[in-house]
Amino acid sequence: MHTLTYISSATTLMAVPDLVDLLEQIRPKNHALGLTGMLVYSGGGIIQALEGPRRAVDEVFEAIEVDPRHRDVTVLERRPVEGRVFSDWSMGFRNLDRRELHDATTFQAFLRGPAGSGLGDDAVPTYDLVSLFRTHHAA
């Protein structure tokens with residue numbers, strides 16, 4: 001089992017319906033490949049964590065690197081892991097506006113906001129991903 005987390009910038013801003021359409025396309029493929037993860041989008045900035053078999057993680061990431069919808073793709077972490085963090089998500093998703101991204105400075109603040117609602121066991125790893133995003137993305 002491997003995990004890979006990257007950040008990138010969208011070449012064009014995506015509206016929520018566009019993001020939902022994209023997720024509807026990638027979730028079945030991720031499921032078939034045994035991938036799980038989370039994608040956070042904010043104002044054109046993207047952070048995504050992929051987890052699953054190394055070959056599948058590498059295959060999907062190689063496609064992302066050449067996808068014309070991404071630029072400045074930067075790997076933040078790539079490593080073997082004991083188990084999945086986002087085991088219930090073929091690809092979880094949160095769209096955060098600038099205020100939500102910057103206001104979620106503590107776990108409690110994150111849980112009180114719309115971005116933290118309904119995450120259940122995925123709340124802590126999603127908050128960790130949002131914190132990493134805030135650190136590495138100049139939104």
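Q: What makes two strands count as paired?
A: They pair if DSSP finds at least two bridges between them. This is a predicted model, and in strand 3 of that model, Ile 46 is the bridge partner of Tyr 41. Seven bridges join strand 2 to strand 3. Since at least two are needed, strand 2 and strand 3 count as a pair, and they run antiparallel.

Q: What sits between strand 2 and strand 3 in their hairpin?
A: Two residues lie between them, and Gly 43 in the turn has a positive phi of about 55°.

Q: How do you know that strand 1 and strand 3 are paired?
A: Count the bridges again: eight of them join strand 1 to strand 3, and the two run antiparallel. The cut-off is at least two, so the pair qualifies. As for who faces whom, Leu 4 stands opposite Leu 50 in strand 3.

Q: What about strand 2 and strand 5: parallel or antiparallel?
A: Parallel, with four bridges joining them.

Q: Why are strand 4 and strand 5 said to stand at the edges?
A: The five strands form an open sheet in the order 4-1-3-2-5, with mixed pairing. Strand 4 and strand 5 (92-95) each have a single partner strand, so one side of each is left without a neighbour in the sheet. From one strand to the next, the twist averages 10°.

Q: Why is strand 3 called mostly covered?
A: Buried means under 20% relative accessible area, and eight of the eight residues of strand 3 are buried. Both faces are covered: Gly 45, Ile 47, Ala 49 and Glu 51 are buried on one side, and Ile 46, Gln 48, Leu 50 and Gly 52 on the other.

Q: Why is Ala 10 called buried?
A: Ala 10 has a relative accessible area of 7%. The cut-off for buried is under 20%, so Ala 10 falls on the buried side. Ala 10 lies in strand 1. Leaving aside neighbours within four places in sequence, Ala 10 is in contact with Tyr 41, Gly 44, Ile 46, Arg 69 and Arg 71. Ala 10 and Asp 72 are 62 residues apart in sequence, and their C-alpha atoms are 8.8 Å apart in space.

Q: Why does Arg 69 count as partly exposed?
A: Arg 69 comes in at 39% relative accessibility. Buried needs under 20% and exposed needs over 50%, so Arg 69 lands in between. Arg 69 lies in the loop between helix 2 and strand 4. Beyond its neighbours within four places in sequence, Arg 69 is in contact with Ser 9, Ala 10, Thr 11 and Leu 22. The C-alpha atoms of Arg 69 and Ser 8 are separated by 9.6 Å, though the two are 61 residues apart along the chain.

Q: What makes up the lining of the largest pocket?
A: There are 19 lining residues, and Leu 22, Ile 26, Ile 64, Asp 67 and Arg 69 lie nearest the centre. About 360 Å³ of space lies in this pocket. Helix 1 gives the largest share of the lining, six residues. By class, the lining divides into 12 nonpolar, four polar and three charged residues.

Q: How much space lies in the second largest pocket?
A: About 240 Å³. It is lined by 14 residues, with Thr 3, Thr 5, Glu 77, Val 85 and Phe 86 closest to its centre. Helix 5 supplies the largest share of this lining, four residues.

Q: What makes a space a cavity and not a pocket?
A: In a cavity, a 1.4 Å probe fits but cannot get out, whereas a pocket is open. A search of the whole structure finds one cavity of 30 Å³ or more. About 30 Å³ of space lies in the largest cavity, and His 2, Thr 3, Arg 54, Val 57, Asp 58 and Arg 78 line it. Helix 2 provides the largest share of that lining, three residues. The classes are one nonpolar, two polar and three charged.

Notes: Residues are numbered from 1 along each chain as its sequence is written. This is a predicted model: local features need pLDDT of at least 70, side-chain atom pairs count only at pLDDT 80 or more; totals for chains, interfaces and linings use all residues. Side-chain values use heavy atoms; hydrogens and water are left out. On a 1 Å grid over the protein atoms alone, a cavity is a set of points where a 1.4 Å probe fits but cannot get out, and a pocket is an open set with protein on both sides within 12 Å along at least five of seven lines; lining residues have an atom within 4 Å of a point. Grid points are joined across faces, edges and corners, and a volume is the space filled by probe spheres set on the points. Ala, Val, Leu, Ile, Met, Phe, Trp, Tyr, Cys and Pro count as nonpolar, Asp, Glu, Lys and Arg as charged, and the others, Gly among them, as polar. Axes are lines fitted to C-alpha atoms, for helices over the stretch in contact, and angles run from 0 to 180 degrees between N-to-C directions. Buried means under 20% relative accessible area, exposed over 50%, partly exposed in between (1.4 Å probe, protein chains only). Contact means heavy atoms within 4.5 Å.
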